[in-house]
Amino acid sequence: MKRIEFLKAPMDIATMQETVSFIENRIEQKQFLQHVVVNVAKIVNMQKDPVLAESVKACEVINIDGMGVVFGARFLGHAVPERVAGVDLFHELLAMSAKRDFPVFLLGATEEVVSKTVDKVKAQNPNLNIAGFNNGYFWEAEEAIVTKIRESGAKLLFVAITSPKKENFINKWQDKLGVDFVMGVGGTFDVVAGKVKRAPQWMQKTGLEWLYRVIQEPSRMWRRYLVTNSKFAWLLIKAKLRSF
């Protein structure tokens with residue numbers, strides 16, 4: 001995988017299959033691997049949040065999740081083959097784990113959502129070994145949760161908590177989690193459990209996934225996307241002008 005820097009954010013140029021193969025090999029070798037995805041909002045927030053920026057930069061694999069970043073990187077001359085969406089990578093890694101008998105731990109969301117997610121992924125992958133799971137409301141007992149994860153015997157940990165909490169949690173506790181691979185998956189459990197619908201394929205491919213979110217939750221999302229998308233566009237324009 002080739003690493004580039006885009007708007008002060010490092011990211012890896014890789015396909016989905018290249019990413020899965022790389023992660024599988026690292027787990028086989030028992031080499032700890034911290035994974036993160038970057039999208040428009042995260043790149044914008046990294047500009048003013050040094051703790052988040054450091055947490056992202058500490059990761060061994062940084063995939064591009066979001067067509068906005070794909071289009072933006074191409075606009076600045078980077079040859080990005082495709083996006084590696086966190087939701088899709090999550091499912092690919094669970095399928096790989098079921099085949100290889102790698103135990104997994106699911107952390108995050110509400111108790112109802114994480115429980116439904118466990119049921120759904122077990123139905124999709126009957127051989128999947130769920131070493132354990134826990135909701136995402138544990139901040140008064142962080143160390144106890146870390147111990148629970150470590151003692152579960154899981155090789156892969158998926159953290160479904162909002163950014164930047166998940167990145168900072170992973171970066172803070174990575175040495176004590178006892179897993180070989182950890183990935184922040186944001187709102188993935190909400191999608192898998194059926195609480196949130198994912199945008200149609202044509203909207204995903206054309207970079208309009210954000211619009212679908214606004215349509216679903218207009219009062220909560222419109223301001224967020226208006227601000228972050230505008231800031232991202234301005235960052236792109238400034239970077240393009242500097243390249244001349």
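Guide: Grid points are joined across faces, edges and corners, and a volume is the space filled by probe spheres set on the points. This is a predicted model, where local features need pLDDT of at least 70 and side-chain atom pairs count only at pLDDT 80 or more, while totals for chains, interfaces and linings use all residues. Residues are numbered from 1 along each chain as its sequence is written, and side-chain values use heavy atoms, with hydrogens and water left out.

Visitor: How many cavities of 30 Å³ or more does the structure hold?
Guide: One. The largest cavity has a volume of about 50 Å³.

Visitor: What lines the largest cavity?
Guide: Gln-34, His-35, Val-36, Ser-55, Cys-59, Lys-166, Glu-167, Ile-170 and Gly-184. Strand 3 (33–38) and helix 8 each supply at least two of the lining residues; helices (H or I, at least four residues) and strands (E, at least two) are DSSP runs, numbered from the N terminus.

Visitor: Is Ser-55 buried or exposed?
Guide: Buried, with a relative accessible area of 2%. Buried means under 20% relative accessible area, exposed over 50%, and partly exposed in between (1.4 Å probe, protein chains only). Ser-55 belongs to helix 3 (residues 50–57).

Visitor: And what does Ser-55 touch?
Guide: Not counting residues up to four places away in sequence, Ser-55 touches Gln-34, Glu-167, Asn-168 and Asn-171, where contact means heavy atoms within 4.5 Å. The side chains of Ser-55 and Asn-168 are also joined by a polar contact of 2.7 Å. That term means a pair of N or O atoms within 3.5 Å; within protein, one must be able to donate a hydrogen and the other to accept it, and residues adjacent in sequence count only if both atoms are side-chain atoms.

Visitor: Where does Gln-204 sit, then?
Guide: In helix 10. Gln-204 is buried, at 7% relative accessible area. Leaving out residues up to four places away in sequence, Gln-204 touches Met-67, Arg-83, Arg-198, Ala-199 and Glu-209.

Visitor: Switching to helix 7: which residues are buried there?
Guide: In helix 7 (residues 142–152), Glu-142, Ile-145, Val-146 and Ile-149 are buried. Seen down the helix axis, the buried residues fall within an arc of 100°, so they line one face of helix 7; the arc is that of the directions from the helix axis to the C-beta atoms.

Visitor: What do those buried residues pack against?
Guide: Strand 5 (104–108), strand 6 (130–134), strand 7 (156–160) and helix 8 (165–173). On the other side of helix 7, Glu-143 and Glu-151 are exposed.

Visitor: And just after helix 7?
Guide: There Gly-153 takes a positive phi of about 85°.

Notes:
1 Å grid on protein atoms, 1.4 Å probe; cavity = no way out; pocket = protein on both sides within 12 Å on 5 of 7 lines; lining within 4 Å.
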